[in-house]
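Let's take a walk through this protein together. Have the sequence and the 3D view open, and we'll go from one spot to the whole and back again.

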Amino acid sequence: MKTLHHKSCSTAHMSVSKPPPHPPTSHLAIPPSSSSTPSSSASSPSATPHSAGPPPPSPVKISMQEHFAINVCPGPILPIPQISDFFPRFHDYPCTPPPPREKKILKEETFNGETGGGYKDPERRGDNDGDREEVFDSDDDDTYLGTLEFTLLFDQENNCLHCTIHKAKGLKAMDSNGLADPYVKLHLLPGASKANKLRTKTLKNTLNPVWNETLIYHGITAADMTTKTLRLCVCDMDRLGRNEFIGEVRVALKKLKEGENKRYNMGLERIAQNKESNNQTVEQGALVAEEERGRILVSLCYNTEKGCLLVGIIRCAHLAAMDSNGYSDPFVKIILQPDMGKKSKYKTSVKKKTLNPEFNEEFSYEVSLDQLAKKTLEISVWDYDLGMSNDFIGGVELGINASGQRLRHWFECLKNKGKKVEYWHTLTQQGAPSNDKPD
């Protein structure tokens, strides 16, 4: 019994002498109070010396808001973002605008004797370009808009300019999928855009398209090669909106020699230079105004066996647009003067909605060679309008009273009997009716 009593006393003594557990450490300090430590009043006398020491320093009081900020966001306390931080124009006080983005100017590069380059300027992007980064896989990091590879060939004998569009590389991404639907359109400058516009097919979802497509300009003379500039634009087809411009290059045709098949690899540019158009002389300006009506390719052949003149209307090129849609519905009318009655008047078929019609129609006039030398062939091009008077586009007269190339064409026909002679002629005001309504 004594042993059990001794053990129970020792156990009770150990429980009394055990110091109270320390409260958990927290950033939110609470001052001690007598009611918070009830076990200390019932402690044994051995615990009394510990409570007789100096009182602990009072903790620093902080607000609950700062407490949560310190726990959640270690480090300096940052202010809560306001809506004005996202919309600077709502600031009640003047704010410093962000520094402008650094513009990267690309150095010019030379490809096959032609200089071309691009530059990275976010302020000169198209209307629908957005703020996305330019995505392209090009071996040339200095090319921003991409490069275009093409070949030009001038055939002086047939008055044709062959433009073979090979491929483009590293084009600028225009669609949300990081790709583009590119095509190339060609213009001859100066001149009406729709009258001499040619374009390639559209290739889908690519930044490195390969066309290998040849486009031909008809009616290009040696004089044109000294004054004209070829503009090649790469665009992105957009079915739901407006087609987007990617970049362009320009080639002065005076640098192209006759019969030379010259290959170009040029960097696309955002803004084209208009040096050629600004340096036009007064004589060239008058020539451009005259050529706004277009040109016509005519063949003449006098058949001695049948005793007739064969007149071939082959095609027209770069005609003036007479309709509101920017095109015309052209047809050609020919008359051999002096008037020989109904047998002297012919008309071709009407070609709808085109400025470069191809007729390939031939007409015959029964007339002796002696009489033919005294006659004049009047050729006029018209725009057909249903239920309204047809619009005169332009005309040309071939005969003994003509001059220049028109007279030369007529003489070669009379001189080379049985041989078909083809010439391009510029349409002028000749042959225009005195009133607006033709017969």
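Which residues does Ala195 touch, not counting residues up to four places away in sequence? They are His318, Leu319, Leu355 and Asn356, where contact means heavy atoms within 4.5 Å. Ala195 sits in the loop between β5 and β6. At 4% relative accessibility, Ala195 counts as buried; buried means under 20% relative accessible area, exposed means over 50%, and partly exposed is in between, with a 1.4 Å probe and protein chains only. Along the chain, Ala195 and Ala320 are 125 residues apart, yet 6.6 Å separates their C-alpha atoms.

A few ground rules before going on. This is a predicted model, so local features need pLDDT of at least 70 and side-chain atom pairs count only at pLDDT 80 or more, while totals for chains, interfaces and linings use all residues. Residues are numbered from 1 along each chain as its sequence is written, and side-chain values use heavy atoms, leaving out hydrogens and water.

Now step back to the whole protein. You'll find nine helices and 18 strands; these are DSSP runs numbered from the N terminus, with helices being H or I of at least four residues and strands being E of at least two. Of its 439 residues, 38% count as buried. Take the contacts between residues at least 6 apart in sequence: 66% of them join residues at least 24 apart.

Next, look inside. A nonpolar core is a set of buried Ala, Val, Leu, Ile, Met, Phe, Trp, Tyr and Cys residues joined through side-chain atoms within 4.5 Å. The largest one here has 35 residues, and Leu148, Phe150 and Leu230 are among those with the most contacts inside it. Elements giving two or more residues to this core include β3 (147-155), β4 (160-169) and β8 (229-236). Apart from it lies another core of 30 residues, among them Ala320, Val367, Trp410 and Leu427.

Ile165 is buried, with a relative accessible area of 0%. Leaving aside neighbours within four places in sequence, Ile165 is in contact with residues including Leu148, Phe150, Leu186, Trp211 and Leu232. Ile165 and Trp211 are 46 residues apart in sequence but 6.2 Å apart in space, C-alpha to C-alpha.

Strands of a sheet pair through backbone hydrogen bonds, either parallel or antiparallel. Here, four strands form an open antiparallel sheet in the order β6-β5-β8-β9, where two strands pair if DSSP finds at least two bridges between them. β6 (198-199) and β9 each have a single partner strand, so one side of each is left without a neighbour in the sheet. β5 and β6 pair over two bridges, and Lys185 has Arg199 in β6 as its bridge partner. Arg199 also lies over the face of Tyr183, 3.8 Å from the ring centre; the rule asks for NZ of Lys or CZ of Arg within 6 Å of the ring centre and within 35 degrees of the ring normal.

Finally, the aromatic rings. Rings of Phe, Tyr and Trp (its six-membered ring) pair if their centres lie within 6.5 Å, with planes under 30 degrees apart counted as stacked, over 60 as edge-to-face and the rest as tilted. By this rule there are four aromatic pairs. Tyr346 and Tyr365 have ring centres 5.2 Å apart and planes at 75 degrees, so the pair is edge-to-face. Tyr346 is partly exposed at 26% relative accessible area, whereas Tyr365 is buried at 1%. Together with Phe363, they form one aromatic cluster.
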